[in-house]
Every structure is written in structure tokens, then in C-alpha cells.
Amino acid sequence: MSIRTTARRRTSALRTALAAVSLTAALTVTGCTDAPGGSAASDQGGAQPAASDPAAGPAADPDLADVPDPVAVVNGEEISKDEFARSYQAQAQQAAQQQSTGQEVDPASLRSEVAEQLVGNRLLLQAAHASGVRATDADVDATLTSIAQQNGLGSPDEVVAALGQQGLSEDEVRAQAADQFALTAYIDREADVPPPSEEELRAQYDQIVAQQQAQAGGQADAMQTPPFEEVRDQLAQQVVSQREGEAAQALVTELREKGDVEVHV
């Protein structure tokens, strides 16, 4: 396993925090293929199976008949069963792809995780709107363009078409993209994350190399390990994403303590 693959598979805490609201995560249900270098799906090892793909296993058709509607209420705003189902299905497929031991995903644990992500995202989005963060049409277009690039699609129109397969109208897709922009912009503004030092990046690089050598029994081919300079920027982005994720979780904890949250799953 290369150092680049090792770094990619250390899942970004920020992407995890945003998973339930992410249109990129939703696209995994349609089986879109990620372009190299950057979406949640690529960080987890490649393209995800389509919902109709038999290889996707039970996660592709989860039994959510007993899930209540609404799933949760956050400061008076309901999180619907349909919203929960879309996020659950996407993340169940991603989790299934990560299983290397044959152990099945625990539906109860995943339900709780998805519900908590949705609650956290709603709290952050409410705070973002309360602070005046709003997405312009240009912001929405830029968000959809980024999502298209991450999923190997040619344009925002293709994103709309792919999500249309899940029953989302163009207005709904643009509304979710606006929410995604506002949530991310709010976290970026509030997080105030310092850049990592060269010493931190060197230490992370050395740790990954040591892990590779241990996995190969000390016989790792040096030619397969790129020099630090080639992966420095990727490692820096990873550290920043992790710190942003930690800051986002701290914000969620604070907002939840002050808010009124009911979770029904």
C-alpha cells in the first residue's frame, strides 16, 4: 500500500462531520465514480456500488420500516425519515465497502451514528444562518462544480441528473448545495485552525512510512514510498481537515447543550 493510499484512508474528521448533509455522499447511492484525489468515497478506497448493484449487499436496501418520522427534532425543526433514509443508505454502502474481515455493518450503531450526524449538521446549519451565513447563486454553482469534479462528472447539470435518480428535483439539489456551502463556510470561519508545522508533518510522514514497513515485514520497497516533498501538501490538508473536524464537533457539543434536541432512533 502506498503512502498516498495510507493518507487517503485516514478518513477526514471534517468529511465525517459533514457526511449526513453532503451531496457527494448522496451521489454514492447512484454509483457515480470518484475522480482521483478527493471525495469521501475516494478516501475510503474508491467508487461505491450503485443501489441496484447486487454486490452492494444488504446495505443497498436497508430495512427502515420501523424508523419513526420525524427521526429527530432540533430546536423545533424536524429531521424527516426520508432525509435520514438517504443518508443512511449512502453511509451503509460506504461502510460496507470498508469491511475487510467479512463482518457485517451493525445497523443499530449506524442508525445512531447517522442520526447524530444529522442532528449535528442541523445545529451547525441553524447557527450558520443565525450568524448571517448565506449561499449566493455563485456559491451554489461553485459547490455543485466541486461535487461534479469529485465524482468524475462533467458539470453541475450531471450532478443534478444523478441526484434526480433519487427523486431530488433541481431546486432541492440546489437548496442542499446551499446548505452544504453555508455549513462548511461557518465551520471554516469559527474553527480558526492553525496550519501544521513542518515538524508535525515530518512526524506524520515518518509514522506512515513506519506503518508501511511494519506491514511489509521491514521489506518495503523504498521506490514505492514517495519523498516527503511530494506528499507534504496532501498531509497538510489532512491535518487541517482533522483539526476542522474536531472544532466542528466542539461547536456541535456547545450548540447541543444550549439547544433543544429530541432524537427518536
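Tutor: Let's start with a definition: we call it a salt bridge when a side-chain nitrogen of Lys or Arg sits within 4 Å of a carboxyl oxygen of Asp or Glu. Keep in mind that the model you have open is predicted.

Student: Okay. How many salt bridges does a search of the whole structure find?

Tutor: The search turns up 11 salt bridges.

Student: Which salt bridge links distant parts of the chain?

Tutor: Look at Glu116 and Arg256, whose side chains meet at 2.4 Å, N to O. Glu116 belongs to helix α6 and Arg256 to helix α11, and the two are 140 residues apart. Glu116 is partly exposed at 35% relative accessible area, and Arg256 is partly exposed at 29%.

Student: What about Arg243 and Glu200?

Tutor: Their side chains form a salt bridge of 2.7 Å, N to O. Arg243 is in helix α11 and Glu200 in helix α10 (residues 198-215), so this pair ties together parts 43 residues apart in sequence. Arg243 has a relative accessible area of 22%, which makes it partly exposed, and Glu200 is partly exposed at 37%. There is a network to look for too: salt bridges link Glu77, Glu83 and Arg122.

Student: Let's move on to the sheet. In what order do its strands stand?

Tutor: The general idea is that strands of a sheet pair through backbone hydrogen bonds, either parallel or antiparallel. Here, 3 strands make an open sheet ordered β2-β1-β3, with antiparallel pairing. β2 (77-79) and β3 (261-263) are at the edges with a single partner strand each, so one side of each has no neighbour in the sheet. From one strand to the next, the twist averages 20 degrees.

Student: How many bridges join β1 and β3?

Tutor: Strand β1 (residues 72-74) pairs with β3 over 3 bridges, in the antiparallel sense. To find your place, go to Val74, which stands opposite Val261 in β3.

Student: Which helix lies across β1, β2 and β3?

Tutor: That's helix α6 (residues 107-130), which runs at about 150 degrees to β2.

Student: How do I read a helix, then?

Tutor: An α-helix has 3.6 residues a turn, so residues three or four places apart point the same way. Now take helix α7 (residues 137-150): its buried residues are Asp139, Val140, Thr143, Leu144, Ile147 and Ala148. Helix α7 has 14 residues and reaches 20 Å from first C-alpha to last, close to the expected 20 Å at 1.5 Å a residue. Just after α7, Gly152 has a positive phi of about 70 degrees.

Student: Where does α11 bend?

Tutor: At Gln234, by about 30 degrees. Helix α11 (residues 228-258) has 31 residues and spans 44 Å from its first C-alpha to its last, close to the expected 45 Å.

Student: Which residue has a positive phi although it is not a glycine?

Tutor: Asn75, with a phi of about 50 degrees. Asn75 sits in the loop between β1 and β2 and is partly exposed, at 39% relative accessibility. Another backbone feature to check is the peptide bond from Asp69 to Pro70, which is cis, with omega near 10 degrees. You'll find Pro70 in the loop between α4 (40-43) and β1.

Student: Can we zoom out to finish?

Tutor: The protein chain has 11 helices and 3 strands, and from the N terminus the elements run α-α-α-α-β-β-α-α-α-α-α-α-α-β. Of its 265 residues, 42% are buried. Among contacts with a separation of 6 or more, 77% join residues 24 or more positions apart.

How values were computed. Residues are numbered from 1 along each chain as its sequence is written. This is a predicted model: local features need pLDDT of at least 70, side-chain atom pairs count only at pLDDT 80 or more; totals for chains, interfaces and linings use all residues. Side-chain values use heavy atoms; hydrogens and water are left out. Two strands pair if DSSP finds at least two bridges between them. Helices (H or I, at least four residues) and strands (E, at least two) are DSSP runs, numbered from the N terminus. Axes are lines fitted to C-alpha atoms, for helices over the stretch in contact, and angles run from 0 to 180 degrees between N-to-C directions. Contact means heavy atoms within 4.5 Å. The expected span of a helix is 1.5 Å times one less than its number of residues. The bend at a residue is the angle between axes fitted to the seven residues ending there and the seven starting there. Buried means under 20% relative accessible area, exposed over 50%, partly exposed in between (1.4 Å probe, protein chains only).
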